[in-house]
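Please read them with the coordinates open.

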Amino acid sequence: MQDTLRDNNTTTTARNNTGRPVIEAHRLSQRVATGSGTLTILGDITLTINAGDSVAIVGPSGSGKSTLLGLLAGLDRATEGSITLMGQTLETLDEDARAALRGQHVGFVFQNFQLLPSLTALENVTLPLEVLGRSKAGDELARQLLERVGLGARLEHYPHQLSGGEQQRVALARAFVTGPEILFADEPTGNLDTRTGQTVIDLLFDLNREQGTTLVLITHDDHLARRCAVQLQLEGGRLVDDRQMNKRPTDSRP
Ligand code: ADP
Ligand code: MG
């Protein structure tokens with residue numbers, strides 16, 4: 001993996017990476033029909049992310065970052081190519097099976113948070129546990145996570161009573177509550193001031209270190225991107241340097 005690193009001075013991945021692939025994308029493309037022809041949003045993306053990796057997806061606005069994250073997490077279907085998530089080939093699964101796979105293994109923080117407006121902060125965070133049938137044990141964990149992101153005094157607040165940054169932190173607590181093996185986050189510090197952003201970044205990397213959580217993050221924050229062991233750069237829907245990505249030593253398959 002070291003050959004993909006730019007500017008890297010962290011040993012996080014070397015320590016955490018177990019070499020077991022948790023996400024594999026093969027020749028992934030996403031095309032949509034428009035009035036003026038077919039638009040290629042993502043073209044020919046091949047990559048492997050191993051358990052314990054921390055990966056920053058970077059690139060200009062409109063380069064396909066959110067689209068790629070949604071495909072890798074199994075939220076959307078690619079028009080071409082193949083994705084294996086936790087050993088399961090996503091193209092072979094229907095929506096229910098993909099939802100079950102996500103519920104079991106994946107946490108997702110959306111760019112626009114997607115909190116349920118009729119639920120309090122605490123209820124929003126416990127919701128994924130109820131879907132998994134683990135609602136009782138989760139209440140205390142949800143409280144602890146909300147405290148950890150600095151919202152211990154906001155448990156009963158509704159999303160409209162919270163600032164953008166506070167909603168973002170509720171969304172992070174919700175993503176962590178199931179103890180996901182992979183955490184996907186679209187600009188997780190995008191709405192946070194420097195100090196709160198640092199708290200959230202520390203929380204992400206604590207999880208990465210303590211629980212081996214694989215992190216796949218979109219960010220414009222140089223500091224956050226540099227703390228990730230791998231930086232994937234998108235430009236115009238294509239991975240820059242993807243040949244290097246595919247040559248990395250940890251990508252050797254049996
Ligand atoms: P980023 O997250 O890097 O800003 P996105 O993945 O959101 O980029 O979008 C990449 C490009 O694809 C943008 O130009 C966007 O307008 C376009 N796009 C995304 N989804 C659709 C869609 N469903 N139909 C048409 N264009 C889309
Ligand atoms: Mg985006």
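1. A residue counts as buried if 20 or more other C-beta atoms lie within 10 Å of its own, as exposed if 12 or fewer do, and as partly exposed in between, with C-beta atoms placed from the backbone. Threonine 48 is buried because 20 other C-beta atoms lie within 10 Å. Threonine 48 belongs to strand S2. From threonine 48 to threonine 84 the C-alpha separation is 9.4 Å, and the two are 36 residues apart in sequence.

2. The model is predicted: local features need pLDDT of at least 70 and side-chain atom pairs count only at pLDDT 80 or more, while totals for chains, interfaces and linings use all residues. Residues are numbered from 1 along each chain as its sequence is written, and chains are lettered from A and ligands numbered from 1 in the order in which they are written.

3. The protein chain contains 9 helices and 10 strands. These elements are DSSP runs numbered from the N terminus, helices being H or I of at least four residues and strands E of at least two. Of the chain's 254 residues, 41% count as buried. Two residues are in contact if their C-beta atoms, placed from the backbone, lie within 7 Å. Among contacts between residues at least 6 apart in sequence, 73% join residues at least 24 apart.

4. Which residues surround ligand 1? The shell consists of Val32, Leu39, Ile41, Gly59, Ser61, Gly62, Ser63, Gly64, Lys65, Ser66 and Thr67, where a residue is near a molecule if its C-beta atom, placed from the backbone, lies within 6 Å of it. Strand S2 (37-50) and helix H2 (65-72) each supply at least two residues of this shell. H2 gives the largest share, 3 residues. By class, the shell has 3 nonpolar, 7 polar and 1 charged residues. Nonpolar here covers Ala, Val, Leu, Ile, Met, Phe, Trp, Tyr, Cys and Pro, charged covers Asp, Glu, Lys and Arg, and the others, Gly among them, are polar.

5. Helix H2 is largely enclosed by the rest of the structure, because 6 of its 8 residues are buried. The buried residues of H2 are Lys65, Thr67, Leu68, Leu69, Leu71 and Leu72. Glycine 74 follows H2 and has a positive phi, near 75 degrees.

6. In helix H4 (residues 121-131), the buried residues are Ala121, Leu122, Asn124, Val125, Thr126, Pro128 and Leu129. Glycine 133 follows H4, again with a positive phi, near 75 degrees.

7. How do H4 and H6 pack? The axes of H4 and helix H6 (residues 164-176) come within 7 Å and cross at roughly 30 degrees; axes are lines fitted to C-alpha atoms, for helices over the stretch in contact, and angles run from 0 to 180 degrees between N-to-C directions. H4 is therefore roughly parallel to H6, a term for angles under 35 degrees. The contact is made by Ala121, Asn124, Val125, Leu127 and Pro128 of H4 with Val170, Ala173 and Arg174 of H6. These residues divide into 6 nonpolar, 1 polar and 1 charged.

8. Valine 177 lies in the loop between H6 and S7. It is buried, because 23 C-beta neighbours lie inside 10 Å. Leaving aside neighbours within four places in sequence, valine 177 is in contact with Val125, Pro128, Leu129, Gly138, Leu141, Ala142 and Leu145. The C-alpha atoms of valine 177 and valine 125 are separated by 6.9 Å, at 52 residues apart along the chain.

9. Glycine 152 sits in the loop between helix H5 (135-148) and H6. Glycine 152 counts as exposed because it has 12 C-beta neighbours inside 10 Å. Beyond its neighbours within four places in sequence, glycine 152 is in contact with Leu146 and Glu147.

10. Methionine 86 has a positive phi, near 50 degrees, and lies in the loop between strand S4 (80-85) and strand S5 (88-89). With 19 C-beta neighbours inside 10 Å, methionine 86 is partly exposed. Glutamate 187 has a positive phi, near 55 degrees, and lies in the loop between strand S7 (182-186) and helix H7 (194-211). Glutamate 187 is buried, with 20 other C-beta atoms within 10 Å.

How values were computed: Angles under 35 degrees count as roughly parallel, over 145 as roughly antiparallel, 65 to 115 as roughly perpendicular and the rest as oblique.
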